[in-house]
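Here's a quick briefing to keep beside the structure while you look around. Have the viewer open and follow along topic by topic.

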Amino acid sequence: MKISIVGAGAMGSLFGGLLAESGNEVTLIDVNDAHIGAIRAKGLRLATDGGDRQVTVLKALRPEDAADLPDLLLVFTKTLHTSAALSGVRHLIGPNVHVLSLQNGLGNVEKIAGFASPERILIGVTTWPADMVGPGHVHSHGKGVVRLMAADGIERPFVSQVSEVLTEAGLDCTSDRTVWAAIWEKVAFNAALNSICAVSGCTVDELGKVADGSRLANDVVTEVLSVALRMGIDVDPAKCRANVASAIAQHIGHKPSMLQDILAGRRTEVESINGAVVAAAGRLSIELPVTETLLSLVRLAEVRAIA
Ligand code: NAD
């Protein structure tokens, strides 16, 4: 399959590297010149449980230099950059191009809908982890899965093809109709751990040092998933609270991405996580006092971070 990935940071490079190694024609598209330049010069250094190697069978381009229309455009920017990134590759989104988002948060389909017709949008969620080590160098240790579906819920052969291509690349993908529950459960998990760590400066395990950390995290999960349940999405709050508790017990020293962003002086994905949930709750007249307070506090932390 001909696959272009817009936003080729940690996750885009991981997916691009594995998809290229399994025989797909992959183009990484990014605005980070140091990263693109390093990949063009030496290939992508990809360190996974499968080994530490250079992947050279892929292209790396800036958006304005990409000309080949792909079969699939995979979006892997942070959510606050999605619309700008899609504007930059608008010339690649021809009438036959499908667009897939595996980004975190809510609102991804709505953003892509400004650029591609509804029947060509795929949405999903992934539990694969990845980190940028430096320009041209990404690592990912452990295993994850991908779950995806057509955004309009209609089963089409192309969705199964994408699922097979991702699985052949070792990314363990299933296409199923319960993706929205998985997306909301991940949003609840991230709304809890990311925003509390971002405003407190605590690592995930430090949230367990006083009762307040776990209590706040549980309150957020309960609030967020109350919105999903009201929308008729079959989420499992008890399972999600258990996942949060096990992360607090096990993720020693882990700084979630929102905390990393604050420490690095960048804006976070809070608007598409806590922000999008609070907006959805408002439309249903549901109050989310803890989630909304954390949203306000992360916004204030961003003011200081980007000053
Ligand atoms: P990242 O910051 O490492 O990569 C994002 C890339 O997008 C960067 O290389 C950046 O230069 C690029 N970008 C920004 N603006 C652009 C533009 N206008 N055009 C082209 N490229 C542009 O982020 P990431 O960690 O790979 O996360 C990507 C998404 O995946 C996020 O939504 C994140 O929440 C989600 N996610 C991340 C992980 C993880 O472990 N890293 C796991 C699951 C989901």
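A residue is called buried when its relative accessible area is under 20%, exposed when that is over 50%, and partly exposed in between. Keep in mind that this is a predicted model.

**Loop residues with positive phi**
- Asp172 sits in the loop between α5 (157-168) and β12 (173-175).
- With a relative accessible area of 36%, Asp172 falls between the two cut-offs, so it is partly exposed.
- Its phi is positive, about 55 degrees, although Asp172 is not a glycine.
- Ser285 isn't a glycine either, and its phi is also positive at about 55 degrees.
- You'll find Ser285 in the loop between α10 and α11, and its 67% relative accessibility makes it exposed.

**Helix α2 and its two sides**
- Helix α2 covers residues 33-42, and its buried residues are His35, Ile36, Ala38 and Ile39.
- Those four span an arc of only 160 degrees around the axis, so they lie on the same side of α2.
- What do the buried residues of α2 pack against? The partners are α1 (10-21), β2 (25-29), β3 (44-48), β5 (58-61), β9 (131-134) and β10.

**The ends of α2**
- Just past α2 comes Gly43, with a positive phi of about 90 degrees.

**His137 in strand β10**
- His137 belongs to strand β10, which runs over residues 137-140.
- Is His137 buried or exposed? It counts as buried, because its relative accessibility is 17%.
- Setting aside neighbours within four places in sequence, His137 contacts His35, Arg45, Asp131 and Met132.
- One of those contacts, His35, is also among the buried residues of α2.

**The α10/α11 pair**
- Two packed helices are described by the angle between their axes and the distance between the axes.
- For α10 (residues 274-283) and α11 (residues 289-306), the axes come within 9 Å and cross at roughly 135 degrees.
- That angle makes α10 oblique to α11.
- The crossing of α10 and α11 is left-handed.
- On the α10 side, Asn274, Gly275 and Val278 make the contact, while α11 brings in Thr291, Glu292, Leu294 and Leu295.

Conventions:
Residues numbered from 1 in each chain as written. Predicted model: local features only at pLDDT ≥ 70, side-chain atom pairs only at ≥ 80, totals over all residues. Heavy atoms only, no water. Buried < 20%, exposed > 50% of the residue type's maximum accessible area, 1.4 Å probe, protein only. Contact = heavy atoms within 4.5 Å. Arc of directions from axis to C-beta. Axes fitted to C-alpha atoms, helices over the stretch in contact; angles between N-to-C directions. Parallel < 35°, antiparallel > 145°, perpendicular 65-115°, else oblique. Left-handed = near helix turned anticlockwise from the far one by under 90°.
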